[in-house]
Amino acid sequence: MYIIVVGAGKVGYYLAKELLEAPEGHEVLVIEQDAAKCERVTQELGDIALRGDGCEAATMEKAGFGRADMVIAVTGDDEDNLVVCQVAKARFSVPRTVARINNPKNESIFKRLGIDTTVSATAAILAQIEQELPTHPLIHLLQLKGGGLEIVEVKVPKSASVVGQRIGELLLPQQSLITLIVDSDGTPRVPGNDTVIRAEDQVVAVTRTESGDALRGVLTNSASAGAYGRRQ
Amino acid sequence: MGCGRVGAALAKMLDADGHDVTVLDIRPDAFKRLPVDFKGVKHVGNGIDQDVLARVGLADADAFVAVTQGDNRNVMATQMAKHLFGVRRTLCRIYDPIREEIYGDLGLETISPTLIGAMMLKGMLDSEPAPKVEAEAEA
């Protein structure tokens, strides 16, 4: 495939390098305005850099957009990436355009304006975070000196299977102790075995550091989820 | 969007005509170009951020004009105004005549001051200036 990469910053540089190293043997051209960045591409990757403004039709003409199978715009500016791809489509009928976007909210408008694919590092990192972070976090309040114990806080979601259960019924991890409950209107209760857990209770507990996840699981899992926390 | 010389002059005219005008620019300094008695709203923000466009009330606007220094910024903001916010009239300044033609073909109302300026200059060169009246020349 003939692939044109617009922008030779870090993303463009490594993208071009990977494409060149791919077993398919792509033909790659990199367009970059900055002389030093162009020079680096030429030195490291060979004679594949074209210096110029990738948004200008004259540069696009020279680069051979007309025979490109794919145009990938990875400058740091969303608006430049949009225009590169739109002009590539409208004037040069490039079959596939890919735009890097910084603001994840631009994804839908780019799609609507005819860009085939958008790639957002921001969105990718956000997705990772959402995967890693439980919806109802365990908040570490205080590390007790020695003994590996800490005081934590967990909010009981409405969907949790412990809602309506007595504390005496709960299967808490070893050496975990529920010490205080603050209900949703802010009233504190000192819990006993017969205290019933209600939705949206803030539960303050002492637990072993390594049992935090398990404790959170007990207090937040909905009936259908497994023992070790519900992850979305 | 864009409170440069053109943006500020246009905002001043529209304000004087009695329209409700909002001026958006990423640099607060730019609003110095507006007259002191400007009655419209000045908003500091990035015009290619749809949250900013929503905040300035673009959905309720009858018209949107993009006159920042960046052709691509103007193109992107105008298309967002048209396609995301449903603004009835959207005008877009594009210095590059080729891009202006392309986006004109794509359905935007575009203007290229580069081409218009060059044509006007050529027109001036082609025609001899009227001989100056002496009194005027002295003044």
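Predicted model: local features only at pLDDT ≥ 70, side-chain atom pairs only at ≥ 80, totals over all residues.
Chain B comes first. It contains six helices and five strands. Read from the N terminus, the elements of chain B follow the order α-β-β-α-β-α-β-α-β-α-α. The C-alpha trace of chain B spans about 60 × 40 × 25 Å along its principal axes. Of the 139 residues in chain B, 34% are buried. Among the contacts in chain B with a separation of 6 or more, 42% are between residues 24 or more positions apart.

The next topic is the sheet. Strands of a sheet pair through backbone hydrogen bonds, and the pairing is either parallel or antiparallel. In chain B, three strands form an open sheet in the order E3-E4-E5, and the pairing is parallel. Strand E3 (63-66) and strand E5 (109-111) of chain B are at the edges and have a single partner strand each, so one side of each has no neighbour in the sheet. On average, neighbouring strands of this sheet are turned by 15° against each other, direction ignored.

Strand E4 of chain B covers residues 89-93, and three bridges join E4(B) to E5(B), the two running parallel.

Two packed helices are described by the angle between their axes and the distance between the axes. For helix H4 (residues 78-92) of chain A and helix H3 (residues 71-83) of chain B, the angle is about 80° and the axes are 8 Å apart. Angles of 65 to 115 degrees count as roughly perpendicular, and H4(A) and H3(B) are therefore roughly perpendicular to each other.

Which residues in H4(A) and H3(B) meet? From H4(A) they are A:Glu79, A:Asp80, A:Leu82 and A:Val83, and from H3(B) they are B:Asn72, B:Arg73, B:Val75 and B:Met76. Sorted by type, the residues of this contact of H4(A) with H3(B) are four nonpolar, one polar and three charged.

Notes
Residues numbered from 1 in each chain as written. Chains lettered and ligands numbered in written order. Axes fitted to C-alpha atoms, helices over the stretch in contact; angles between N-to-C directions. Helix = DSSP H or I, 4+ residues; strand = E, 2+ residues; numbered from the N terminus. Parallel < 35°, antiparallel > 145°, perpendicular 65-115°, else oblique. Contact = placed C-beta atoms within 7 Å. Nonpolar A, V, L, I, M, F, W, Y, C, P; charged D, E, K, R; others polar. Pairing = 2+ DSSP bridges. Buried ≥ 20, exposed ≤ 12 C-beta atoms within 10 Å, placed from the backbone.
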